[in-house]
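Trainee: Hello! Could you walk me through the salt bridges here, one step at a time?

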Amino acid sequence: MGQGLDLTINRLPARTWNWLRMNEADLKQIEAGESPTVITEGFEEAEPWNEDISVLPTGMGEDMDRLAGEAGTAAIRIQSGPLKEKKRAALHFVCSDGGKSFQPVELLVREGECLTVIMDFTSPPEAEGLAAVQTRFQVNKNGRLKLIQLQLLGSGYRFLNDIGGRCEEDGAAEVVQLFLGGSETYAGCRADLAGRDSVLNADIGYLGRGNQRFDMNYAADHRGERSSSRILAGGVLRDSAFKLFRGTIDFKSGAVGAEGEEKEDVLLFGDDVVNQTIPLILCAEEDVLGSHGATIGRLDEELLFYLCSRGMSREEAEAMITRARLEAVCRKSGDEAAEQMVHNYLKEVKENGKQESIS
């Protein structure tokens, strides 16, 4: 596929000072590669539907559509089932050493129905490569969608994870993500809360070790009356890890009574970590409620003293706090299989000697 594409992704809806170099991310010579190996579970690919959701804006932006066009991979389509059935589908992405792949996914939740989709991305511990996935969703009236994503890739993998969707009247989308592996993770999510009482809840957890890099862009576009969004990100950065998080709540004209919350909680272990956060609230409507905040710091010395007085070493105390943060996000998935995958991954990482403070 030649030299690949140069991409500009994760653009802020409203730019800040250019010298901060936080408005977007630039990627050079990205090759889409081939279709990935995906093991499917719990569903048959959906029949064609009338709703065209392939044009919905996404968090990472239009350049990801260029990459999709270069890949030419057919979308995996999954649709909902009756509310009482609690339909669950799983996509297991098996990534090989040296692999490069791009996979579009489309999720349709029909009126009054529900759907839970789990995506996990795995590879050998030392594997290198590129894994890209672009997920679009449509949640119709009174529908419920839960999307769970687990990035458990090898130490040399670059991961591109793009999401875009729309929620109609009383439609709700819940996104739970854990980014634990890879060398670089780029993630974006943009939700159009078009209908009255539509909802987006996003919970993001990450663990940065060594020279890992995380670049994220999340946005909730409030258009419907009394629409609601909650974007919560929390993680741990160690060693020389880097993280940039952009969180935007955008109240459009007509979003009367809408409420949005964006919050981040970051724990720093190490003097060389780099943590950057841009909370952004845009407002074109008066009768709205928006809030944002960030808690960034190191482990409380009094708590550390207490734990060490109970027989723990500093390393064990840090490991316990790290596990607690990651498990808190994972539990929000409400899925035992997903929780077990995360537990097994962290155990394998320790046994391979990559992160002895996590078990």
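Mentor: Gladly! One cut-off first: a residue counts as buried when its relative accessible area is under 20%, as exposed when over 50%, and as partly exposed in between. Keep in mind that this is a predicted model.

Trainee: Is Glu106 buried or exposed?
Mentor: Buried means under 20% relative accessible area. Glu106 has a relative accessible area of 8%, and that makes this residue buried.

Trainee: Which residue does Glu106 meet in a salt bridge?
Mentor: Look for a side chain whose N comes to 2.9 Å from an O of Glu106. Glu106 lies in strand β7 and its partner in strand β4, so the pair ties together parts that are 29 residues apart in sequence.

Trainee: Which strand holds Arg158, the salt-bridge partner of Glu184?
Mentor: The closest N and O atoms of this pair are 3.2 Å apart. Arg158 counts as partly exposed, at 24% relative accessibility. Glu184 lies in strand β13, while Arg158 sits in strand β11.

Trainee: How many salt bridges does the structure hold?
Mentor: Some salt bridges join into a network, which links Arg11, Arg15 and Glu24. For the structure, the count is 21.

Definitions and conventions: Residues are numbered from 1 along each chain as its sequence is written. This is a predicted model: local features need pLDDT of at least 70, side-chain atom pairs count only at pLDDT 80 or more; totals for chains, interfaces and linings use all residues. Side-chain values use heavy atoms; hydrogens and water are left out. A salt bridge is a side-chain nitrogen of Lys or Arg within 4 Å of a carboxyl oxygen of Asp or Glu. Helices (H or I, at least four residues) and strands (E, at least two) are DSSP runs, numbered from the N terminus. Buried means under 20% relative accessible area, exposed over 50%, partly exposed in between (1.4 Å probe, protein chains only).
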